[in-house]
Amino acid sequence: MPPVTTPDNPEEFARLRTTDPGLPRPNPTPAYWQHIPHPLANARSERLPSQRDYAIIGSGITGLSVARTLLESHPSVTVSVLEARSLCSGATGRNGGQMAINAGEEYSHLAEAFGPKMAGEIAMFTLRNLRGMQVLAEEYDAVETSEVQQLTKLRIFMINDKLEAFKQSIARFEADHPALKGMYTLIDASTLRKEHGIHEASGGALLPAGTVWPYRLVTKVFETLLKRFPDRLTVETNTPVTAIEMHDSSAAANSAHAYSVQTPRGSMTVGTVVYCTNGYSGHLLPALRGLIYPFKGTMTVQDPGTSMPNRGAALSWGFHYPPAYDPATKRQMYGLYYLGQSATTGYFYFGGENKRIDDAVSADDSFVATSSVDHLQSVLPRFFGKEEVHSSWNLVGSWSGIMGFTTDGLPLVGRLSSALTGRRGEGEWIAAGFNGYGMANCLLCGEALGRMMLGHPTPEWLPGAYQVSEERLAKSASLSETKKTDSRL
């Protein structure tokens with residue numbers, strides 16, 4: 001959950017958060033990850049299947065994980081994955097390529113909001129998820145293709161206040177969970193400058209992490225699943241879901257295939273509808289608007305040429321600075337930049353937000369603000385003391401992508417009640433709202449949802465705080481009201 005000082009128009013923030021996000025825009029900015037489209041990018045059946053057991057809306061890492069779990073855990077279920085645009089063209093195919101957790105820096109907040117035990121479960125879950133990403137790449141022979149690797153993340157704190165708050169959070173994290181002690185290694189400003197070339201920072205920390213080319217991993221696994229389950233899986237790209245309906249007759253409504261999924265290509269009768277729609281979830285589920293909402297991120301690929309060493313096989317970076325709001329420009333500064341480097345090309349993958357709130361709380365990835373890209377180009381060299389060579393850092397690419405944020409800062413995983421869907425059936429489920437940390441949550445949230453839908457016990461490793469409940473959503477709705485004037489986004 002990105003912190004931000006209160007904008008001068010909190011009513012506008014509330015309006016943006018509760019606005020219908022609409023469908024994914026048909027003409028998104030071109031993400032570097034997808035500059036060589038996979039052969040399945042626009043795959044779909046010649047004719048939309050008329051009936052399926054499961055319809056999964058969204059073809060990112062979450063939708064993939066749900067589909068894989070269903071197909072591998074049941075001998076006969078049929079699954080269709082419906083994607084509004086090309087395959088894996090949403091948040092997974094547009095992110096920063098980072099596989100990192102934020103358990104340490106968020107621990108104090110999580111412990112106060114959900115208790116130390118649950119905060120520890122969340123930390124363990126995200127660590128387990130990162131290991132699962134590595135295993136997934138190995139299982140599907142995608143390690144080389146997706147450039148997945150385990151490395152060390154260097155979190156850098158630009159001012160002392162942020163550093164001290166981080167240290168206190170880590171101390172509490174280790175005191176409450178001794179088995180996790182040693183995950184973070186604190187380093188001072190002098191070490192940052194001498195060993196890592198980072199200037200003007202107060203200190204930092206090293207922790208286990210990873211990087212990945214997410215689009216290549218997801219498309220490789222989909223390719224394998226389609227070959228393995230040709231009669232049970234279809235992928236329907238360029239097929240936006242425009243509505244979900246229940247069959248009119250009581251007999252049909254009580255049947256095993258009670259739902260009608262509407263698309264421009266026709267309708268599909270299904271037994272279960274699965275929303276892996278992240279920041280777009282509020283479009284088909286109006287009751288969730290405000291509880292889950294879109295947040296638009298900005299990414300760049302920058303080529304430092306020969307001015308910087310290639311440390312992409314060893315490090316990724318996160319730069320933490322004080323969030324702020326400028327009333328004159330109405331631009332928000334959200335407190336975090338994230339950086340990875342290709343071990344192959346040396347390119348920097350650099351993202352972070354400094355933009356107006358109406359550009360940030362938005363589901364429109366059809367454009368990327370020039371001012372946001374210019375800002376990312378200007379700030380990156382300064383972190384390494386390289387202002388004088390800025391002109392040589394070539395902009396290889398820039399794009400925007402839509403994340404899904406929740407009011408309480410945690411994903412939503414589980415069955416949707418009729419109060420949330422507006423329909424009387426019990427066959428609608430969701431896994432969405434990953435708050436900018438999808439690579440540390442999506443895979444196992446999708447797996448858990450798949451197991452639960454098949455009637456298996458809820459996995460003990462899924463944090464209870466992630467699960468959908470009336471109590472949680474009521475609390476989130478109350479929190480949403482206070483955020484109209486709160487100091488956190």
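Start inside the protein: the largest cavity holds about 220 Å³ of space. This is a predicted model, and it contains two cavities of 30 Å³ or more.

**Stop 1: the cavity lining**

Select Asn 102, Leu 110, Ile 122, Gly 409 and Leu 410; of the 20 residues lining the largest cavity, these are the closest to its centre. Next, colour helix 3 (103–114) and helix 4, the elements that each give two or more residues to this lining. Which of them gives the most? Helix 3 does, with four residues. If you colour the lining by class, you will find 12 nonpolar, six polar and two charged residues.

**Stop 2: where helix 4 meets helix 14**

Two packed helices are described by the angle between their axes and the distance between the axes. To see the contact itself, show Phe 125, Arg 128, Asn 129, Gly 132, Met 133 and Leu 136 on helix 4, then Cys 442, Leu 443, Leu 444 and Cys 445 on helix 14. By class, this contact has seven nonpolar, two polar and one charged residues.

**Stop 3**

Now turn to the aromatic rings, where the count comes to 25 pairs. For one of them, select Trp 33 and Trp 213: their rings are edge-to-face, 5.3 Å centre to centre, with 70 degrees between the planes. Where in the chain do Trp 33 and Trp 213 sit? Trp 33 is in the loop between helix 1 (10–18) and strand 1 (51–57), while Trp 213 is in the loop between strand 6 (203–211) and helix 8 (214–228). The pair thus links distant parts of the chain, 180 residues apart.

Key
Residues numbered from 1 in each chain as written. Predicted model: local features only at pLDDT ≥ 70, side-chain atom pairs only at ≥ 80, totals over all residues. Heavy atoms only, no water. Contact = heavy atoms within 4.5 Å. Nonpolar A, V, L, I, M, F, W, Y, C, P; charged D, E, K, R; others polar. 1 Å grid on protein atoms, 1.4 Å probe; cavity = no way out; pocket = protein on both sides within 12 Å on 5 of 7 lines; lining within 4 Å. Points joined across faces, edges and corners; volume = space filled by probe spheres on them. Phe/Tyr/Trp six-rings, centres within 6.5 Å; stacked < 30°, edge-to-face > 60°.
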